[in-house]
Structures are given as C-alpha cells and as structure tokens.
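Work through these exercises with the structure open. Try each task before reading its solution.

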Amino acid sequence: MIGADQDPAALARTRKRLAPYRGRFELLHESFRYLPDRLKERGDKAFDGILLDLGLSSDQLADASRGFSFARPGPLDMRMDPRTPRTAASIVNGSEEKTLRAILREFGEEPHAARISRAIVRERGKAPIETTDRLAQIVVAAVPPARLGDRTHPATRTFQALRIAVNDELAALEEALDGIPELLAPGGRLAVISFHSLEDRIVKQRLRAWEGACTCPPRLPVCRCGARARVRLLARRATRPSPAELAANPRSRSARLRAAERLVEAA
Ligand SMILES: C[S@@+](CC[C@H](N)C(=O)[O-])C[C@H]1O[C@@H](n2cnc3c(N)ncnc32)[C@H](O)[C@@H]1O
C-alpha cells in the first residue's frame, strides 16, 4: 500500500496509526497531482485499488494554527503543504479586487462575491488582514442582513474558496485524474470521495469520459472523438452517506462517493 498526503502532519498521524503494519506500506509526502508520474517513474503501476479522499481533514480544521476555520481565531494560512508559497493572507492582501471576486465566485459559488471582495479591499487598506477571525468579521459585515439567518455561517463559502485557491485543489484533482486510468490494473477500482459540488462535477465528468461516452457535437454523423470505454461505473449516481453514517459521523453529510472499475480488455 502506498499512501500520499501533501500535509506532513497527516502523514505523521497516519504513520502512528499504521504502526502495527510496519513494512507493508509506504507513505509519500506528495501532492496527488504528481503521484501518477512519480509512481510510473518508479515502475509502480497496476494497482488493484486507488482511493482519493479529497479535501480537508477534521484534524486540519480543528487546528487553529492552520487557519482553515472561521470559527477558530488563528493566522490566515490555509496551506495543506507548508512548502506552498502562497497563504490565504497573501491572496487576501495581495490580489486585485476583481481577482478576489473571481476566486469567491468560482471556488466558493458565493452569491455576494462582489460585496465581500469590495469589503476586503476597503478593510485591508486600514491594516493587512492576517487572521481568520478578522476575515470572518469582514464577511459577516459585508453580506446582506438576511443572510445572517442562514443555516451555514456567512463566511463558509469565502473560506472554502480561499482554501481551494491556496491549495490549487481543482487543478490538482484534474491532473491526478489524468494519470489514474493507466495506474489501475485490469479489474482495478478507483473510488473518489468528494465534499463539494465543484469536485464532484470534475469526478463525474471524468468517469463519464472514461466510460467511453462520445463527446462529439450532436450534429456530427459519425464519432470523431475516438471515444473508447476504459472503465465501467460501479454506480451511475454518487453514493451518499446513509442515515446511520450521518448519525455516527455528521461531517460526512456533504460526502459523495463515485467509483469505477478498469475494464479487463482496456488498452
Ligand atoms: C478528508 S482528508 C482524508 C483523511 C484520511 N483519509 C485519513 O484517514 O486520515 C483529506 C486529506 O487529503 C489531503 N490532500 C488534499 N489535497 C491533496 C493533494 N492535492 N495531494 C495530497 N494530499 C491532499 C489533505 O491534506 C487531507 O489530509
């Protein structure tokens, strides 16, 4: 078994947890975007199973010093990998207003992206925004009062957007998926657990493409895209947590699992 995480703290915890199995696994400090190439270079391929458990861990969220949570005062960091040059603070204090607006819109699907980015630019003019609690207060003050009664905190989408931008999460997922079919043995399975619709959309579209769905424009009389089936989907729809899972693990509520099996005859 080979495990990878870009967060060294996650690797340290995992190494401890898997101590009874020492010698039977290897852990790599690596973004999964580079993993397919790294594994192929080493001659590792034909995996029976690949699991991508995406996003943020509860440990990362709970650690105030990592800056992921609007509910925990801490530095506005949000890097999963400490080697990443950009922090959330550097994006918040150094990006043009239109870039901030695009980040909030694209990665947070934030309907009040314009108001929030305007407020950020105004407030950072007074003093740089360096902490999670100050940013959360700025967002709360910027959104329309009606939003304050929502079930989710008004800063949820802003924090999600910045985290995705800092860690370049969507591009990393696309790049990892690019290399995965070749890593699977015939009959090997890929399972991906995603936690928001942006990730799930990427996974769903990619699995459909591997399934061989033709992507030619409908007006073409014959297929020109060379669609060929490489996998079969293990379920057409995403699997959601059961009521029992939700009761035992409420943080699973946004999880969606999609899985596919590499076809035996695939080239
Ligand atoms: C939902 S948690 C998974 C927790 C893990 N299954 C466990 O039991 O400890 C997501 C993990 O993925 C890691 N991660 C997110 N994006 C990554 C990437 N591009 N490359 C490597 N690890 C990544 C995060 O650092 C985090 O530890």
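**Exercise 1. Find which residues of α5 and α6 meet, then describe the crossing.**

Solution. 
Step 1. On the α5 side, the contact uses Glu97, Leu100, Arg101, Leu104 and Arg105. On the α6 side, it uses Ala113, Ala114, Ile116, Ser117, Arg118, Ile120, Val121 and Arg124. Contact means heavy atoms within 4.5 Å.
Step 2. Sort these residues: seven are nonpolar, one is polar and five are charged. Ala, Val, Leu, Ile, Met, Phe, Trp, Tyr, Cys and Pro count as nonpolar; Asp, Glu, Lys and Arg as charged; the others, Gly among them, as polar.
Step 3. The axes of α5 and α6 (residues 113-126) come within 8 Å and cross at roughly 140°. Axes are lines fitted to C-alpha atoms, for helices over the stretch in contact, and angles run from 0 to 180 degrees between N-to-C directions. Helices (H or I, at least four residues) are DSSP runs, numbered from the N terminus.
Step 4. That angle makes α5 oblique to α6. Under 35 degrees counts as roughly parallel, over 145 as roughly antiparallel, 65 to 115 as roughly perpendicular and the rest as oblique.

The model is predicted: local features need pLDDT of at least 70, side-chain atom pairs count only at pLDDT 80 or more, and totals for chains, interfaces and linings use all residues. Residues are numbered from 1 along each chain as its sequence is written, and side-chain values use heavy atoms, with hydrogens and water left out.

**Exercise 2. Work out how α5 is set against α8.**

Solution. 
Step 1. The axes of α5 (residues 97-108) and α8 (residues 156-167) come within 8 Å and cross at roughly 95°.
Step 2. α5 is therefore roughly perpendicular to α8.
Step 3. Ile103, Leu104, Phe107 and Gly108 of α5 touch Arg157, Thr158, Gln160, Ala161, Ile164 and Ala165 of α8.
Step 4. The contact of α5 with α8 has six nonpolar, three polar and one charged residue.

**Exercise 3. How many residues surround the ligand, and which are the closest?**

Solution. 
Step 1. There are 16 residues around the ligand (a heavy atom within 4 Å).
Step 2. The closest are Asp5, Gln6, Phe32, Asp53 and Gln60.
Step 3. A polar side-chain atom of Asp5 sits 2.7 Å from a ligand oxygen atom.

Methods: Polar contact = N/O pair within 3.5 Å; in protein donor to acceptor, adjacent residues only side chain to side chain. Helix = DSSP H or I, 4+ residues; strand = E, 2+ residues; numbered from the N terminus.
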